[in-house]
Amino acid sequence: MVANAASIAEEAARRIVRIARDAVKARGRFMVALAGGATPRATYAHLSQHPLVDQMPWTRTWVFFGDERGVPPEHPESNYRMAYDAFLAKVPIPAEQIFRMRGEAEDLDAAASDYARLLAKAFGTRRGEVPRFDLVLLGIGIDGHVASLFPGSPVVKEIFRTVAAVHAAAAAIPERMTLTLPVFTAAAHVVFLASGAEKAKAVKAVLADGTLLPAGMVMPADGQLEWILDRPAASLLPSRRR
Ligand code: 6PG
């Protein structure tokens with residue numbers, strides 16, 4: 001647990017650099033799926049600033065997205081636009097190594113299948129295999145959703161497809177596309193970022209009560225799961241869990 005949102009950003013950015021450098025050393029590239037929403041923005045901004053901007057292996061970094069809202073990339077609610085404005089526009093990642101989910105697609109099911117094919121090509125996986133990201137960054141919704149996997153959604157139960165279109169009635173933008181739990185389960189590292197008192201109930205439900213919410217179903221089978229929380233988000237956890 002860290003003190004506040006600013007310290008989450010610093011801690012998370014340093015963590016990303018460490019995982020990125022280790023991945024490049026071990027496998028020659030860093031495959032990352034970015035979280036959307038507002039929380040990660042400050043973390044992404046840190047990556048585009050000194051000293052971390054010089055420590056990241058940008059030319060070996062391949063950027064994917066954990067989910068996307070059903071909007072075009074220039075839309076203020078686009079997760080791609082948030083990441084682009086926060087760091088992608090400012091760092092030397094080759095454009096062909098940034099893989100945007102096409103939230104603007106008329107047919108999000110087809111766009112989800114296209115993205116799954118793109119993942120398989122990038123990772124060299126065959127049908128039925130799941131890409132293993134070096135890092136998946138995730139946030140948690142106040143209802144315990146993760147990426148665009150919302151409580152009660154049939155997509156939470158997806159065991160085969162790696163990417164799926166979602167109709168999330170509870171979300172401000174219901175039409176979405178998301179990576180599925182098998183991808184999160186296969187990851188080498190999953191890092192959750194949670195900031196603010198409004199997340200405290202969901203964090204407690206997942207980390208202390210074991211309530212079966214989508215965020216609590218992210219369990220890397222052969223990888224590390226970390227939560228970077230600030231004091232308000234951790235405020236309902238028993239002291240031993242902070
Ligand atoms: C999205 C995100 C979503 C997000 C949580 C937390 O597209 O909405 O992927 O899963 O991580 O809703 O969002 P905040 O960081 O804005 O609280």
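The second largest pocket is lined by 17 residues, of which Ala116, Arg127, Phe160, Arg161 and Thr162 lie nearest its centre. A pocket here is an open set of points on a 1 Å grid over the protein atoms alone, where a 1.4 Å probe fits, with protein on both sides within 12 Å along at least five of seven lines; lining residues have an atom within 4 Å of a point. This is a predicted model, so local features need pLDDT of at least 70, side-chain atom pairs count only at pLDDT 80 or more, and totals for chains, interfaces and linings use all residues. Residues are numbered from 1 along each chain as its sequence is written, and side-chain values use heavy atoms, without hydrogens and water.

**Pockets**
- Helix 4 (residues 108-123) gives the most to the second largest pocket's lining, with 7 residues.
- For the largest pocket, 36 residues form the lining, and Gly36, Gly37, Ala38, Arg69 and His145 lie nearest its centre.
- Helix 3 gives the most to the lining of the largest pocket, with 4 residues.

**Strand 6**
- Of the 5 residues in strand 6 (residues 175-179), 4 are buried, meaning under 20% relative accessible area with a 1.4 Å probe, protein chains only.
- Strand 6 pairs in the antiparallel sense with strand 3 (residues 67-69) over 3 bridges, and Arg176 is the bridge partner of Arg69.
- Strand 5 (residues 163-167) also pairs with strand 6 in the antiparallel sense, over 5 bridges, and Thr178 is the bridge partner of Ala164.
- Two strands pair if DSSP finds at least two bridges between them; strands are DSSP runs (E) of at least two residues, and helices (H or I) of at least four, numbered from the N terminus.

Methods:
Buried means under 20% relative accessible area, exposed over 50%, partly exposed in between (1.4 Å probe, protein chains only).
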